[in-house]
Amino acid sequence: MQFKGTSQYIADKDLMVAVNAAIRLERPLLVKGEPGTGKTELARQVAAALGLDLIEWAVKSTTKAQQGLYEYDAVSRLRDSQLGDARINDVSQYIRKGKLWQAFTTPQKCVLLIDEIDKADIEFPNDLLQELDRMEFHVYETDETIRALHRPIVIITSNNEKELPDAFLRRCFFHYIRFPDAETLSQIVEVHYPGIKRSLVSAALTRFFEIRDVPGLKKKPSTSEALDWIRLLVADDVDPLTLGADAKNALPKLHGALLKNEQDVHLFERLAFMARRQ
């Protein structure tokens, strides 16, 4: 079982090595990188390339580790008992399977994506250590143990919003997706927009990297934002020659696709003002 990338996803050699190493070691692959660098899409493309089902668990700030295993709906059971419903004798009727339970019990090997694990409470990763290590957990309400029929390929993403516990990191194979260089980003654009004018791509990416390099930028535009911006440039049939920065056009065309807060917009407006004064 070897991941070699797909026609829809540009993966560099180091990333492919990391994916295949995690598969061989049967360890979770922890992927970090700037938002919009394709961490979530990696799991989808690994599943597609290997012909496996994908189970996605999107983590939120309120997500608890227990929800990935199962949830016991005690409130519904109490209500049914008051109504004299015979289902209350079967506790399993009130157990909702979590994403790990689903991944453990699929008839074939699958890919399990735990997306943006750093959004949850700091204890969240530690609460999953034993389950991800042993590939099993106990359901106390029904006194049964759920064991993985096939060890899933686990891909965990993080935007580095908070530090993850050392005990959790020790159990993972780690890879940091670096922001793509101009050549790689050009290949990514070609995958998404086949046949796009090379002159437009060249001018747009030159301007894009100039914007990312502006000192004091609060949020640098990401790969996904570059793709959105180029899509708009194509739709508006923008002349590549008009994309360069000058005193009158410090703000990039259609800048709302790239600059996502007022501080960065004001930064470019100040740069334009200073350029005009000079």
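**Reading burial, contacts and pairing in a predicted model**

Q: Why does M274 count as partly exposed?
A: In this predicted model, M274 has a relative accessibility of 47%. Buried requires a value under 20% and exposed a value over 50%. The value of M274 lies in between, and therefore M274 counts as partly exposed. This residue is found in helix α12, which covers residues 262-277.

Q: What makes L271, F273 and M274 a nonpolar patch?
A: Nonpolar side chains such as Leu, Phe and Met are joined within 5 Å, provided that each residue has over 30% relative accessible area and no salt bridge. L271, F273 and M274 form such a patch on the surface, and together they have about 280 Å² of accessible area.

Q: Is T106 buried or exposed, and how do you know?
A: The relative accessibility of T106 is 15%. The limit for buried is under 20%, so T106 counts as buried. T106 is found in the loop between α5 (99-105) and β5 (110-115).

Q: Which residues are in contact with T106, once its neighbours within four places in sequence are left aside?
A: They are I55, L149 and H150. Contact requires heavy atoms within 4.5 Å.

Q: How far is the backbone oxygen of A103 from a polar atom of the side chain of T106?
A: The two atoms lie 3.2 Å apart. The cut-off for a polar contact is 3.5 Å, and the distance from A103 to T106 is therefore within that cut-off.

Q: Why is T223 called buried?
A: T223 has a relative accessible area of 7%. Since buried means under 20%, T223 belongs in that class. T223 is found in helix α11 (residues 223-235). Leaving aside neighbours within four places in sequence, T223 is in contact with residues including G36, T37 and F179.

Q: How do you know that strand β8 is mostly covered?
A: Of the 6 residues of β8 (residues 153-158), 6 are buried. I153, I155 and T157 point one way, while V154, I156 and S158 point the other way. In a regular strand the side chains alternate between the two faces of the sheet.

Q: How many bridges join β5 to β8?
A: There are 4 bridges, and the two strands run parallel. At least two are needed for a pair, so β5 and β8 pair. L113 stands opposite I155 in β8.

Q: Why does L112 count as buried?
A: L112 has a relative accessibility of 0%, and the limit for buried is under 20%. L112 therefore counts as buried. L112 lies in strand β5. Among its contacts beyond four places in sequence are I153, V154 and I155.

Q: Where do E116 and N160 lie, and what makes each partly exposed?
A: E116 is in the loop between β5 and α6 (124-127), and N160 is in the loop between β8 and α8 (166-170). Partly exposed lies between buried, under 20%, and exposed, over 50%. E116 has 21% relative accessibility and so counts as partly exposed. N160, at 43%, likewise counts as partly exposed.

Key. Residues numbered from 1 in each chain as written. Predicted model: local features only at pLDDT ≥ 70, side-chain atom pairs only at ≥ 80, totals over all residues. Heavy atoms only, no water. Buried < 20%, exposed > 50% of the residue type's maximum accessible area, 1.4 Å probe, protein only. Polar contact = N/O pair within 3.5 Å; in protein donor to acceptor, adjacent residues only side chain to side chain. Patch = residues over 30% accessible without salt bridge, like charges linked within 9 Å, V, L, I, M, F, W, Y side chains within 5 Å. Areas by Shrake-Rupley, 256 points an atom, 1.4 Å probe, with all protein chains shown as cover. Salt bridge = Lys/Arg side-chain N within 4 Å of Asp/Glu carboxyl O.
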